[in-house]
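Take a walk through this model. Start with the overall picture, then look at charged pairs and a surface patch.

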Amino acid sequence: MSHVVTIEEPQAKPQVSQTRFGGKSGAWGNVSASRTYDFLYDPLFIVSSEKDHNQANIQATVIRSKLRRVPRFRTMFSSLFHYPRYSVYWSKADPVPSFISRDWKRHEQRHREALQQLAAIDASFQMPKEVYEDPDVTGKNRYKYFERPFLPFYQQMPFNVVFASTRADPYTFPPPPTKYLPIPSKYTVGTQTDYRDAEVQTDPYSPEYVVCQDSIPELLTLATLTWGRGLPAGQAEVEMIERAREKRAWEDTLPPLSDTSQFEKRRRMMNAMERKEWAFREQEIEKLQEIRLEVLKELLKKRDENQNEVNMARLNAQWSKLQEAKEAKLAQIQRKHVSAIRKLMGKGKNIEGKLERRNIIKDYCDYASQVYGPLSRLGRFPDNNSEDFVVKNHYLNTYEGLVELESCLPDFVTQPRIKPPKPKVTTTKDGFLKRAARVDRELAEVHKALLEKKNKDFEAKKPMRFLQRKPVPQPRLPTPTLEMSSNEEEDIEMAVIYLQKLLRGRVVQNMMFEGKEKRLELIQELRTSHALQEDDRLVKKAEKQVTLALQRQRNLHEHKVSLVENHLAGLEGRVLADMFDFLSKELVRLQEERRVHALAMLAERQRRMREAEESGRRQVEQRRLQEEDQIFKEVIKVHQSTVTSYLEDIILNTEENTAEEQARAEIEKMAEEINDIAYEMESRRTQLQSEEIVAELVYSFLIPEVQKDFVKEKG
């Protein structure tokens, strides 16, 4: 009997495992068949399929517990429930390192890894070329592409997970049945059109265009603008177009590059334009920042308002809760007070505590007794089922009844006719104020004047608190004089002085003449009214008669002119009345025509909108039918793949069971032959052969170690 002793990975207790080649356990009664992670570490641990590999992975996950006990030093020796000795926490440590793959390695992959290790040790060994199998997706391997793969656990998860149950809605009682059907406030009317979906146009149509040779239209600069992105053009787009025009005009004014003499001028113009563009860009950025700042302020303000509302709601809820508690407490105290008063009154009626029999005659004679008005606190409720006597009317309790009742009422009830009061007439037929109105107005003016005089505050002069110093003007400087040395100079000075006097006198004469010209009419009026001489009076009388004659002639002429103007005005009025009548009728006709045109446009727009909605509903219906067809196909595929996988599982399980039975029989037969050969060799073996076997074992253990040390020293 042969045993193999191996040590498990860290974090696990060392155990002893035995081979599967047969033999009884003997004294090794507690030996386990395998360790927890043998399917990952042990190269001799072989599973028959991927299913067994996944089962071993799940079993290792379930067996290993991640709960760790951490002792508490202060209560380490406590046996009380509320002072535990240790704490339990969930350990996230994984005993399997991250570089160890948990995937299932097939026999071919294990064989390839062994060959790679052999090629790394022996340089003369050549790796065989890999031959990839034809996937044959549409052939025999098609079933492999319909089954969902089973992936192992990359993150270990405990199996005691309780999923949240769905919350059922509380039971809602159905509304009571009504005799009359409810009247809906809105109606949805479907329409059927005779137009195809392709004829429904939502976005503006942009036709194709052809550009003439050697011409660049300005309109093509707006080709990047589309509907919803720049169109219809707003203020920003218009400003952008104006800037583009200015830039093109500026580019036309630039000196050509071929002219080297104006290169410096071109550079200065370009620098100035670049500075202008940078300044404009900075202004745009500042505007954008200001807009963002305003939005941020609004958001902060809104957040503060929401927080204040939440705080107020919380305070109101707390206040209402305290008020309810207060009212409940007061009601309880009131009830106790009433009960105590009632008990005291009952004891006061019967101080001696004598028992009195009921006087039925007295009770029925007194209409305030318990017979006619029993108290509810004694358990009698005479007004039970009083709602049965309440009049229930359909016209008063339902909205439909109210609408029907309102339809039966006359118009003057629902649409009252209010006549505005007539203004008080204060004038006569000739347009003069009546005496009462004139007296009322005079009284109102007197009352207003009295109120103004009464409410007017007379401000008294305040006495001067401090003396004020009156500034003394500075004396005028003396006129400078020149000392003449001769008579000739004195004559010149006198001549100059005389000339100055003449000029000043002429100035005064001009001023007087201008004043006389300004007041000439006033002077003439004074002369006409203060004439004292007889000749002047006669002249004035003659002028007066001439003036009166001229006035009479002018009045006659004005009368004739007024008659002619009246006739002409009548003719013009009739012509203008006819013309205005015609224009007013034309205006009414034009307004009606525009209104009819607007109604036609609205009807056309509504028709197009309904056509668009109908086409949208039709597309949604077609898409829904396609989705249902696709879902049906997928369900059929899932059913087929389920049946196929079920049959494959049955066939694979049968094959695995058969192969396991055959392999077990062959292994048992081979183990018996090996045991017989080993027992026969053990019985025939001599001392020399035993020593030779021991020497070979020692050689096989020692020589490789010596060679390894030699290679290390040599390297």
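Helices here are DSSP runs of H or I with at least four residues, numbered from the N terminus. Val698 sits in one of them, helix α14, which spans residues 687–714. The model is predicted.

Now the whole chain. The protein has 14 helices and four strands. Of its 715 residues, 7% are buried. The accessible surface comes to about 68,100 Å², and carbon and sulfur atoms account for 58% of that. Take the contacts between residues at least 6 apart in sequence: 42% of them join residues at least 24 apart.

Back to Val698. This residue is partly exposed, at 40% relative accessible area. Val698 belongs to a nonpolar surface patch of about 580 Å², together with Ile693, Val694, Leu697, Phe701 and Leu702. Patch members need over 30% relative accessible area, so Val698 can qualify on that count.

Next, charge. Side chains of opposite charge can pair when their charged atoms come close. The count of salt bridges is 17. One of them joins Arg589 and Glu586, at 2.9 Å from N to O. Both lie in helix α13, residues 534–684, three residues apart, or about one turn. Arg589 is partly exposed at 46%, and Glu586 is partly exposed at 29%.

Arg617 and Glu614 form another bridge, with 3.0 Å between the closest N and O atoms. They are three residues apart in helix α13, so about one helical turn separates them. Arg617 is partly exposed at 44%. Glu614, at 13%, is buried, because the cut-off for buried is under 20%.

Arg608 and Glu604 also meet in a salt bridge, at 3.5 Å. Glu604, Arg607, Arg608 and Glu611 are linked in a network of such bridges.

Conventions. Residues are numbered from 1 along each chain as its sequence is written. This is a predicted model: local features need pLDDT of at least 70, side-chain atom pairs count only at pLDDT 80 or more; totals for chains, interfaces and linings use all residues. Side-chain values use heavy atoms; hydrogens and water are left out. Patches are made of residues with over 30% relative accessible area and no salt bridge: like charges are joined within 9 Å, nonpolar side chains (Val, Leu, Ile, Met, Phe, Trp, Tyr) within 5 Å. Accessible areas come from the Shrake-Rupley method with a 1.4 Å probe; for residues, only the protein chains shown count as cover. A salt bridge is a side-chain nitrogen of Lys or Arg within 4 Å of a carboxyl oxygen of Asp or Glu. Helices (H or I, at least four residues) and strands (E, at least two) are DSSP runs, numbered from the N terminus. Buried means under 20% relative accessible area, exposed over 50%, partly exposed in between (1.4 Å probe, protein chains only). Contact means heavy atoms within 4.5 Å.
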